[in-house]
Amino acid sequence: MTDEHTKFDRRRFLATSGLLGGSMLAGCAGGNNDGQGTTTGGGGTTTESMGGGETTEEQQQNVQGGGTFIGTTAEDATTLDPRMNELAWVNSFLHYIFDTLYLPSPDGKKFVPHLASEQPKQQDETTFVIPLKEGVKFHNGDELTAEDVAYSINWTLDPENKSPNRANLNFVDSVEASGKYEATFNLKYPFALFQLVLSGMNAGIVPKSVAEKQGPKKFGQKPVGTGPFAFEKHVSSSHIDLTRNADYFLKKPNLGKIKKRVIPKPQVQFVELASGGVHQATVPKNLIGKAKSESSINMKRISQFDYNGLIFNSMRKPFDDVKVREAMQYLVDYDKMLKSTKGQLGKRAYGFMPTEVNKSWEFPWQEWKEKYYPAKDHQKAKQLLKEAGYGGGMDKTLKISSLASSKFKNMAIILQNELKKVGIKSEVREVTIGQWLNELDSGEFDVNIYGWSGGQDPDGFYYYLFRDMRNDEGGLSDGVVGNASAGYLYKSQDSDQLKQVDKKIRDARRTTDRAERKKLYIDAAETWQSLYPHIPVFSEQAVTGWSKDVKDYEPSAFAQQPLCNEWSNAYLQK
Amino acid sequence: MSLYRYTIRRILQIIPVLLGVFTLTFVMVHALPGNPVRIYLGLNPSQALADELIRRYGFDQPLWKQYLDYLWRLLHFDLGESFMRKRPVTGLMLERMGPTVILMGLSYVIALPTALLLGVYSAAKHNQMGDHVSRFVGLAGLSTPNFWLGLMLIFVFALEFKMLPASGYVSPFEDPIAAAKHLVLPIITLATAQTATLMRMTRSSMVEELSKDYVETARAYGLPERTILLRHAFRNALLPLVTIIGLQLSFLLDGSVIVESIFAIPGMGRLGYNALLNQDYGVIIGLNIFFAILFLTGVLLTDLAYAYIDPRIRYD
């Protein structure tokens with residue numbers, strides 16, 4: 001799990017709710033919006049191979065001198081300071097202004113030194129020395145040193161600065177400049193996601209002299225970094241302009257400028273792309289056919305690292321009984337729910353993780369599918385309900401809460417129809433984001449429709465949704481009964497089995513051995529699946545489109561700065 | 001009472017109305033479930049940070065205290081800070097005012113004469129083909145939702161004919177031609193419903209006037225039809241129209257929210273829409289007060305216009 005993921009989670013969930021409606025390009029701009037309200041950030045999609053490498057001589061002849069790449073996003077940036085930013089697409093976009101110590105390779109399988117000159121040197125279990133490249137310049141001409149690295153991380157960690165990203169770097173105790181070009185990271189405990197976090201924008205490196213002088217507000221309006229493009233202008237809710245950093249330490253970017261336009265409606269983004277107004281946009285589901293007929297557009301379907309499903313309130317009747325929760329698995333044909341909700345743009349999710357995570361970690365998801373996700377069987381559902389004491393129906397009307405999003409509402413209505421067939425009355429309530437959060441905090445619902453993006457590491461799902469928050473530092477706040485899903489079960493069941501599973505989830509992020517982590521996650525997944533605290537239904541896919549005039553560019557989940565990075569240097573064809 | 005004293009009195013009356021608007025808005029935004037901190041931080045936030053932000057922005061204070069604090073700031077012309085954007089609300093509103101004022105102003109400048117012309121024409125051709133066509137067009141314009149019309153115009157003129165840009169805003173002071181191109185579709189979208197409403201009102205008002213005895217008398221005296229229509233009937237028909245014209249300002253504000261979102265115009269409507277989604281109290285309250293001032297000014301000007309149109313109207 002990258003820092004982006006830990007950070008994106010908060011915003012991603014909002015976006016998944018359809019309220020932010022972010023329309024972002026994976027890799028380039030951070031995510032995708034299918035017009036139905038799903039957003040993910042960079043790193044929130046499957047690994048795709050990059051068209052890349054250095055620009056060839058032949059290609060170079062076609063390179064337009066400069067040129068402006070115009071991308072789109074659905075929402076505005078509130079700050080361009082990576083230490084204070086909360087938004088997924090901004091985090092991805094900031095990779096053009098700021099650099100990180102490491103970068104994920106295009107296939108996402110390893111971390112390549114970026115501002116760092118080599119892999120971290122481990123001194124002991126919690127101490128890592130990271131040598132830096134020499135001669136890297138900030139946009140103001142200052143040279144990057146270890147002081148800047150230490151300052152950037154320590155500033156975020158300082159509680160006085162109230163950085164919303166502090167929790168994502170909280171495993172770091174401190175960073176020291178142990179030499180002009182050498183930073184030493186002292187961790188609080190071994191942390192499995194150390195390098196992943198350092199490759200994300202929550203660990204973006206800012207120039208100490210400028211950031212200290214300006215303060216976070218001013219710095220967020222006029223940022224200075226080392227990235228391939230320098231900040232030029234931000235017109236609120238309209239566009240952000242970046243200009244080429246000719247002294248970029250990797251290579252001189254081919255593009256002269258990058259413009260990021262804020263266009264809230266995905267349909268309008270697409271029209272802009274098809275009419276040549278922009279070079280990249282999301283393609284809404286209902287316009288994919290039209291996009292295919294446009295000869296000037298490349299398209300790519302990108303799987304999201306998310307899943308959408310149903311949460312049951314296991315703190316109150318009838319879902320306090322595991323048999324009732326299990327009955328819900330038999331009650332609905334979830335393949336059909338996926339098809340009627342997302343059509344071809346989705347995949348079934350198992351083990352509370354998207355298929356891509358299951359595959360990359362080689363989890364036994366097919367066994368899980370057989371064991372915990374049986375096909376629709378109303379007889380079996382009725383039998384389980386009868387065993388739970390609800391053979392004669394229920395004397396209450398179940399409250400199904402759904403955010404005001406067609407995706408979630410459709411899922412809620414399908415469930416409502418199936419409940420009706422077995423004699424259970426329910427009402428579907430569309431709620432605002434504020435109501436939804438209140439309900440999840442207070443447990444004032446029976447079934448809640450839910451979406452979560454957690455990134456490519458299981459930690460993004462298990463730590464955030466399945467740990468017992470009462471065991472966190474500070475515990476739960478007043479008025480919060482759980483963490484929106486499994487948290488309720490911890491309270492209502494309070495068994496040794498669940499205490500163990502909470503420990504495993506916490507241990508997994510402190511265990512650096514991947515095989516050991518995998519085992520911990522398998523144990524956790526099997527425990528939770530047997531308890532049906534919620535039912536994962538599907539992960540989404542989004543379609544992104546870009547102009548064929550843009551060469552040496554392909555959106556990808558893992559490649560940061562895909563318009564200019566180690567592997568590619570995009571240009572506009574003459 | 002003189003017009004001068006009447007104007008002063010009306011301006012003073014705006015103050016308690018604004019206080020009422022502020023109080024209602026304040027109570028209503030605080031009655032919404034959840035608070036901006038929870039929405040800002042999302043699900044499963046760091047409780048320490050959530051608590052800190054709640055304290056910093058005073059959300060842990062009793063509502064009456066928050067109200068009085070806010071009112072005090074307001075009296076000092078301080079609308080506070082946007083929770084989401086961490087910037088002063090006044091600055092944000094000033095930044096967004098230009099596009100909205102231009103969009104609304106031009107829409108009105110186009111909608112008003114078009115509606116008056118069509119309305120008068122329709123009334124003059126009462127129950128003839130021209131009247132039927134005008135009425136049908138008016139009804140269609142009134143029944144077409146802004147968001148649908150906007151998207152259709154984009155698909156036709158930007159995607160199919162590639163004649164006009166689909167979205168965005170260019171300041172007329174920077175590039176008048178580009179600005180005009182960018183404004184055509186949003187203005188048509190916003191002006192359509194306004195034109196239709198005003199046209200229908202103009203028509204019915206004119207039809208009523210034209211059926212009065214003085215029109216028959218004028219015709220009997222042999223006055224040209226054009227003079228009867230424009231100099232006599234139209235002037236009398238204007239009085240009810242002026243009321244509607246003033247009130248239509250509020251509908252333009254409504255429309256600007258949708259039109260600015262569709263056409264990606266960085267105006268106040270979009271600022272308000274995003275603020276509502278995120279329960280950004282400062283921006284919601286600031287915009288409501290601004291819109292209330294705008295609306296009350298419209299009503300005031302309407303009342304004052306009565307005197308000009310009909311000197312028989314007195315202010316006591």
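Predicted model: local features only at pLDDT ≥ 70, side-chain atom pairs only at ≥ 80, totals over all residues.
## Ground rules

Local features need pLDDT of at least 70 and side-chain atom pairs count only at pLDDT 80 or more, while totals for chains, interfaces and linings use all residues. Residues are numbered from 1 along each chain as written, chains are lettered from A in the order written, and side-chain values use heavy atoms, with hydrogens and water left out.

## The interface

Let's start with contacts, meaning heavy atoms within 4.5 Å: 40 residues of chain B touch 51 residues of chain A. About 3700 Å² is buried between the two chains, with carbon and sulfur atoms giving 59% of that. Buried area here is the accessible area (1.4 Å probe) lost on putting the two parts together, summed over both.

## Polar links and who supplies them

The rule picks out 3 salt bridges across the interface, each being a Lys or Arg side-chain nitrogen within 4 Å of an Asp or Glu carboxyl oxygen. One of them pairs Glu81(B) with Lys217(A), at 2.6 Å from N to O.

On chain B's side, the elements giving two or more residues are α2 (36-41), α3 (47-56), α5 (89-124), α7 (146-160), α10 (225-262) and α11 (268-277). These helices are DSSP runs (H or I, at least four residues), numbered from the N terminus. The largest share, 6 residues, comes from α7(B). By class, chain B's side has 18 nonpolar, 9 polar and 13 charged residues, with Asp, Glu, Lys and Arg counted as charged and Gly among the polar ones.
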